[in-house]
Amino acid sequence: MLLKQMTAAALAAALSLFLSGSVTAAAEEHYDVYHYDCWSEAVPSQAGYTAERAVSGQDLGVGNFSEPTDIFRDSHDRFYIVDSGNDRIVVTDAELETVEKVFDTFTMPDGSETALNSPQGVYVAPETELLYIADYDNSRVLISDYDGNVQREITKPDSELFSQELTFLPQKVLADKAGNVYIVLGNITTGAAMFSSDGVFQGYYGANTVQTTPEVIVNHFRKLLSTDEMRSRQARTVPSGITNFDLDDEGFIYTCSQSTSQTQDTVKKLNAAGANLFSSLGVTWGDIRSYYDTNTNTNYQPMICDIEISDDKSINCLDLTTGRVFQYDKEGSLLFIFGSKSDQLGGFTEVTALESCGESIYVVDKRKNTVTVFAETDFGSLVHKATELYNAGYYEEALAPWYQVLQYDGNYVRAYEGIASGLLVKGDYEGSMRYAKLADSNSRYNKAFEGYRQEWLSAHFTQVAIVVILVAAVLTGLHFYRKKHIAKTETAERSEQP
Amino acid sequence: MDLTDRQWVSYAVTHPFAGFEDMRWKKAGSVKIATAVVCLWFVAAVLYNRLYGFQFYSEPDKIFNVIPYFVQTIVIFLTWTVGNWSVCTLLDGEGTMRNIYIYSAYALIPYVASLYLETFLSHFLIRDEYIFMQVIGYLGQGWTILLLFSAIRSVHQYSFLKTIAAICLTVAAMAVMLFLLVMLLLLFEQVYVFAYSIYTEIAYRLKV
């Protein structure tokens, strides 16, 4: 009897161990998955994305990549991988399994052939299906159709606005709906060069401003005191140039700046006038606390080298320093952090670009010469579902997914915020107050408390009124009694005196 | 005017111009009550930071250290008393340390009361009604400044301008005292480290 029970218990334990083991193994990463809590401190979290496979040129059957620098997905879900070291652009299908085309030579309008020379960026306009290629070492941007016929070539503009001593070094390129071409140049810090659809230089767009660091302030005062000769020898204070950009469906351009000195506005959402719509959010893009390495005595700051807006409007930022991808929703709240610096799958040596397609994220590594595919986990899809409902204003509908998110990860602050907002809309003020406190969100608590107070007052109005009247009556009674009492004793004293 | 100690408190607080003058004339004032006020101030400072209505303000709960609140209230008050006494004995002030202590503590009452009231109200009001708490806060601070000025003026029998000068010098003296205090602490720490290293050295020798 006892033996039977024991074997049954052991069997159950083994079964549960096996089951739980198989469940967690699916979402286990080789690095520490973390998120930030409401006090901006890193806490362990669940993985939103997991590395599925790494694709090399060999796997695609076109020979190894050499220093790939960019990846782009067009409107037909074809991937364009800029294989910079091999001077070519490889086009694959949506699954990254078969190569559809390899661009290495193009036909110029006059019929001559031309080859690429370490291209750095590619863009395919969804409206015209034209390829825009930043042909770095040839100092030009090629605009070509899918058959390799060059429609137009953009070279160094003959304009007063463009300093003629500088070489034209196009790194990244994109074109808006109107056909304006924006080019990130490697040696220009005044923003992206903007060309009209017929190739005329228009000026610059989206420049960064100089961040007021103590060094900049000191330099400013030093300049006031120095002679012209000294001034000419001093380093000029220039803003850091933008590194990469992306376009969303509504035509907003998002830029990122990879810089060691710039800490503010490293990611910007620009409107047509070039103003940053993200400046008021106060988001720290990338890691909130920079990573300090005691071995080399250096402080590693996040350097966002690529930005990508996916179809569901989330903002994916790629950090060169840590090899991590930071995913934000369209309001700039952090969703997930994934990736690392390592040799395993899901780790990188030197990341250069990222792209998204549906639920997957693709990251290009320049040293590993691979494209790593990250797939969304169950937790990831749950958070995305909740975030989408929440950002669309369906707070009540988002409640159920948020509760589920909390079952996966009790540290996920956004879920507490979401539930607080959902319960508020539902009219459960007490619950909303509790969750707002857990989320450390004063403004949500304020709204919930306002509702709670109103409800309480209307429910207990008679009691409150009775208490107020009673207290007032007792106080006035006491006042009169005291006056009378004092008057009595005084008259008594006076009558005693003579 | 024969008032009990408690009645003198309300008299001094409600008569900003003549209150302390009368107190001095009658040699009134209680050290016990003054000490109670300063201790209540310390409690108020802690409550104000920890128990404020969540809709207005929240502190990270991960760490709580009571020393800063202690320094910001009781230590500051004691340095004020000592600083004021040292400055004003040099400037022909008539106040004794005891009187400076009592009068300054009495002058703090409106401010301390406003701290309690604000903390209490913060649990019943919402952000739109913050203005009420702000008014209470300003009233408490303004009243206390007025009382403190009046207290220093009566306790030393100064003129208007001399009182202002004395207060400015007192603040300077407080800064010097705090600086010296910090330096003293650091030096004592070094002495401690020195003694401790000698102890470890001897302990090692004995062992080996």
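Analyst: A disulfide is counted here when two cysteine sulfur atoms lie within 2.5 Å. The model is predicted.

User: How many disulfides does the structure hold over all chains?
Analyst: A pair counts as a disulfide when its sulfur atoms are within 2.5 Å. The sulfur of A:Cys256 is 6.9 Å from the closest cysteine sulfur, that of A:Cys305, which is too far for a bond. A:Cys357 is not in a disulfide either, with the nearest cysteine sulfur, in A:Cys317, 19 Å away. Over all chains, the number of disulfides is zero.

User: Is A:Cys256 buried or exposed?
Analyst: The cut-off for buried is under 20% relative accessible area. A:Cys256 has a relative accessibility of 0%. Therefore A:Cys256 counts as buried.

User: Is A:Cys357 buried or exposed?
Analyst: The relative accessibility of A:Cys357 is 13%. Buried means under 20%, so A:Cys357 counts as buried.

User: What is the volume of the largest cavity?
Analyst: Searching the whole structure for cavities of 30 Å³ or more gives one. For the largest cavity, the volume is about 140 Å³.

User: Which residues that line the largest cavity are the closest to its centre?
Analyst: The lining of the largest cavity draws at least two residues from each of β4 (68–73), β10 (119–124), β14 (170–175), β18 (244–247), β23 (304–309) and β29 (351–357) of chain A. There are 16 lining residues, and the closest to the centre are A:Asp70, A:Phe72, A:Asn244, A:Phe245 and A:Asp246.

User: How many charged residues are in the lining of the largest cavity?
Analyst: For this count, Asp, Glu, Lys and Arg are the charged residues. The lining of the largest cavity has nine nonpolar residues and one polar residue. The number of charged residues in this lining is six.

User: Where is A:Lys313 found, and what is its phi?
Analyst: A:Lys313 is in the loop between β23 and β24 (315–319) of chain A. At 27% relative accessibility, A:Lys313 counts as partly exposed. Although A:Lys313 is not a glycine, its phi is positive, at about 70 degrees.

User: Is B:Asp92 buried or exposed?
Analyst: B:Asp92 sits in the loop between α4 (67–90) and α5 (97–107) of chain B. Its phi is positive, about 60 degrees, although B:Asp92 is not a glycine. The relative accessible area of B:Asp92 is 62%. Exposed means over 50%, so B:Asp92 is exposed.

How values were computed
Residues are numbered from 1 along each chain as its sequence is written. Chains are lettered from A and ligands numbered from 1 in the order in which they are written. This is a predicted model: local features need pLDDT of at least 70, side-chain atom pairs count only at pLDDT 80 or more; totals for chains, interfaces and linings use all residues. Side-chain values use heavy atoms; hydrogens and water are left out. Buried means under 20% relative accessible area, exposed over 50%, partly exposed in between (1.4 Å probe, protein chains only). On a 1 Å grid over the protein atoms alone, a cavity is a set of points where a 1.4 Å probe fits but cannot get out, and a pocket is an open set with protein on both sides within 12 Å along at least five of seven lines; lining residues have an atom within 4 Å of a point. Grid points are joined across faces, edges and corners, and a volume is the space filled by probe spheres set on the points. Helices (H or I, at least four residues) and strands (E, at least two) are DSSP runs, numbered from the N terminus.
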